[in-house]
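The following paragraphs walk through one chain, from its overall surface to single residues. Please keep the sequence and the model in view while reading.

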Amino acid sequence: MGGYIDWTKTTKSSNYHGSGSFSTFMIIGPTCFFLGILFASFPYDFPLLWSKEPVPASYYDQLETHLKFLHQSPPLIGRMLNIIVSVGFLGMFIKLFKPSEANFLFDGASLILYTIGVAVYITNIVKGLRTVSAGFWDTDDYKNAANLAEGEVILGREDSLRVLSASNTILALVLIGVLVLQAGQWYAEKRDRDDDAAAAAAAAASAKKDGSPGKAAAKKKQ
């Protein structure tokens with residue numbers, strides 16, 4: 001990995017893609033967008049995961065109707081989501097092209113978390129939405145689940161909806177991690193600027209002290 005990092009690139013370099021670059025906004029924008037979607041789903045997920053009160057059967061019907069509506073939305077919605085996901089990846093790839101050490105650490109970790117989030121979305125959330133939309137629990141395959149081989153398990157409706165809600169929570173935590181890493185990069189750059197400013201101020205003060213009028217007069221008398 002040492003050869004992959006451009007050690008000559010610093011936060012002062014003109015080609016450095018830092019926290020204020022457009023590529024950073026390409027990462028933060030999609031991340032916040034998906035967090036907004038998950039936040040809108042939180043009222044549906046809360047009773048299943050965080051409430052101690054028993055969940056009535058009518059609530060599962062309401063949640064199932066909501067999820068079917070989401071999954072059966074026009075294809076344009078799904079394509080827009082895919083484009084927004086791709087924008088986030090593009091921003092990270094731009095920042096990781098000939099990266100500095102800061103890019104490699106912060107943006108590399110962000111890419112890992114973002115990829116984990118996409119994997120959770122595809123394997124758990126999309127699969128769960130397809131199951132709900134297909135009405136799997138009303139089919140003969142589910143009714144004949146008792147004939148499965150030993151070790152095979154098919155989750156019921158309630159457990160499947162809980163898994164879907166838990167996946168939303170996991171995805172939200174992963175996306176928050178991406179934002180934390182991007183904020184950490186901004187803070188690291190700020191500390192570098194503050195340290196450079198302090199060093200420049202100390203050097204200026206030292207130079208001013210060395211060139212004070214008293215010393216100049218003493219040198220003139222000599």
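How many Å² does the accessible surface of the chain come to, and what percentage of it belongs to carbon and sulfur atoms? The model is a predicted one, and the accessible surface of its chain comes to about 14100 Å². Carbon and sulfur atoms hold 65% of that area. Of the 222 residues, 31% count as buried.

The secondary structure is quickly listed. The chain has 7 helices and 0 strands, so that is what the DSSP runs amount to. Read from the N terminus, the order of elements is α-α-α-α-α-α-α. Among contacts with a separation of 6 or more, 77% join residues 24 or more positions apart.

The UniProt record, an unreviewed entry, places the feature "transmembrane region" at residues 21-42, 76-97, 104-123 and 163-183. Two of these spans can be set against the model. Residues 21-42 are 95% helix and 0% strand, with end C-alpha atoms 32 Å apart. For residues 76-97 the figures are 91% helix and 0% strand, and the end C-alpha atoms lie 31 Å from each other.

Helix α4 takes up residues 101-133. Its 33 residues should span 48 Å at 1.5 Å a residue, and the 46 Å between its end C-alpha atoms agrees with this. After α4 comes G135, which has a positive phi, near 60°.

The largest nonpolar core contains 28 residues, and L67, Y114 and L161 are the ones that touch the most other members. At least two residues of this core come from each of α1 (22-49), α2 (57-71), α3 (75-95), α4 and α6. The largest contribution is that of α4, with 7 residues.

Apart from neighbours within four places in sequence, L161 is in contact with L48, Y60, L63, L67 and V132. One of these partners, L67, is itself named among the residues that touch the most other core members.

Is N168 buried or exposed? N168 sits in helix α6, which covers residues 157-210. Its relative accessible area is 11%; the cut-off for buried is under 20%, and therefore N168 counts as buried. Setting aside neighbours within four places in sequence, N168 is in contact with L38, S41, D45 and I125.

Methods. Residues are numbered from 1 along each chain as its sequence is written. This is a predicted model: local features need pLDDT of at least 70, side-chain atom pairs count only at pLDDT 80 or more; totals for chains, interfaces and linings use all residues. Side-chain values use heavy atoms; hydrogens and water are left out. Helices (H or I, at least four residues) and strands (E, at least two) are DSSP runs, numbered from the N terminus. The expected span of a helix is 1.5 Å times one less than its number of residues. UniProt positions are given in the numbering used here, feature names are shortened, and annotations may be inferred rather than shown by experiment. Buried means under 20% relative accessible area, exposed over 50%, partly exposed in between (1.4 Å probe, protein chains only). Contact means heavy atoms within 4.5 Å. Accessible areas come from the Shrake-Rupley method with a 1.4 Å probe; for residues, only the protein chains shown count as cover. A nonpolar core is a set of buried Ala, Val, Leu, Ile, Met, Phe, Trp, Tyr and Cys residues joined through side-chain atoms within 4.5 Å.
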